[in-house]
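Hi everyone, thanks for coming.

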Amino acid sequence: MTTTEHTDQVATAAASGASATERFHADKSPFEAVKNTPPERVATLINEVLEGVHATIRKHKVTYDEYNALKAWLINVGEDGEWPLFLDVWVEHVVEDVATEHREGNKGSIEGPYYVPNAPEQGSKGAVPMRENEKGDPLLWSGQVRSCDGTPLAGAKVELWHADDDGFYSQFAPGIPEWNLRATFTADDEGRFEITTIRPAPYMIPTDGSCGKMISAAGWHPWRPAHLHLKVSAPGHEQLTAQLYFPGDAHNDDDVASAVKPELILDPKEDGKGGFTVDYDFVLDPAK
Ligand code: DHB
Ligand code: FE
């Protein structure tokens, strides 16, 4: 089994999968939101997915051994708690594309499995909670939140969460303070905010569980480029869920979660002191 040493504890797929599954159950009541979906739509969606599976089996003459391996693997994904990981890496990006294709402002990117609501409030300017001696290059990010017509959105919320310099998220990997590298900012009267944090490292999805097994069986890689996660919200506007990336990352063109868009790549400048400054604004669509 491959595991990753982190401080004095070990991050495992089963532990982060269990945390991600628990978090999902705590935050969402997914069935309530679709309780009025007509049976015809449910049947159409299920039938088309099954037709795709059936066509693949016929085309490639899938054997009983392969069918049983699939069955065992699907059972293991659930046992490892890795459904949030699997779905957010290989499916969510298409749902996100469809959900935001009408937008004139920022379109966004996947949420992924590691969002936690109600991160500590830091006002319009401040540092994200981090450990003394947090590893990583300092990043000072200035931005403004506006509506599509250019009106600044005073009081807009900018929630930020990201991995540390080892690629680990607080509350999902062991030995990290609860709100490390997670914060909520509130834009000032001009919709502006200024955030001090560190540049996150590229992120490897856990490789010691079922998803890792699938990745190695298929000869793929488990990497996501370094990224900042965000949710930006303001009254009367659609909430934006986005990720921001850094130029030159080897995995910007080759993200296991297919979640990079060119407009989400930052343009950081060296600050001459070993850190970086960057400007990036958000434009929110008025709610329909
Ligand atoms: C996963 C992790 C992420 O940080 C992310 O942005 C997307 C997916 C994952 O492990 O599934
Ligand atoms: Fe992430």
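This is a predicted model: local features need pLDDT of at least 70, side-chain atom pairs count only at pLDDT 80 or more; totals for chains, interfaces and linings use all residues.

Okay, ligand 1. Where does it sit? Ligand 1 is in the largest cavity. As for who contributes to the shell, two elements give two or more residues each: helix H5, which is 83-90, and strand E10, which is 227-233. There are 14 residues around ligand 1, and the ones that come nearest are Leu85, Tyr169, Tyr203, Arg224 and His229. If you sort that shell by class, you get nine nonpolar, four polar and one charged.

The side chain of Tyr203 has an N or O atom 3.0 Å from an oxygen of ligand 1. For His227, the side-chain N or O atom is 3.2 Å from a ligand 1 oxygen, and for His229 that distance is 3.0 Å. And how much of ligand 1 does the protein cover? On its own ligand 1 has 290 Å² of accessible area, and the protein covers 100% of that.

Ligand 2 is an iron ion, and its coordinating atoms are the OH of Tyr169, the NE2 of His227 and the NE2 of His229, at 2.0 to 2.1 Å. Along the chain, the iron donors follow the spacing Y-x57-H-x1-H. So where are the two ends of that pattern? Tyr169 is in the loop between strand E5 (157-162) and strand E6 (182-186), while His229 is in strand E10, 60 residues apart, and the pair links distant parts of the chain.

That's my bit, happy to take questions.

Technical notes:
Residues are numbered from 1 along each chain as its sequence is written. Chains are lettered from A and ligands numbered from 1 in the order in which they are written. Side-chain values use heavy atoms; hydrogens and water are left out. A residue is near a molecule or strand if one of its heavy atoms lies within 4 Å of it. A polar contact is a pair of N or O atoms within 3.5 Å; within protein, one must be able to donate a hydrogen and the other to accept it, and residues adjacent in sequence count only if both atoms are side-chain atoms. Accessible areas come from the Shrake-Rupley method with a 1.4 Å probe; for residues, only the protein chains shown count as cover. On a 1 Å grid over the protein atoms alone, a cavity is a set of points where a 1.4 Å probe fits but cannot get out, and a pocket is an open set with protein on both sides within 12 Å along at least five of seven lines; lining residues have an atom within 4 Å of a point. A molecule sits in a cavity or pocket if more than half of its atoms lie within 2 Å of its grid points. Helices (H or I, at least four residues) and strands (E, at least two) are DSSP runs, numbered from the N terminus. Ala, Val, Leu, Ile, Met, Phe, Trp, Tyr, Cys and Pro count as nonpolar, Asp, Glu, Lys and Arg as charged, and the others, Gly among them, as polar. Donors are N, O and S atoms within 2.8 Å of the metal (3.2 Å for Na, K and Ca); water is not among the atoms, so sites may look incomplete.
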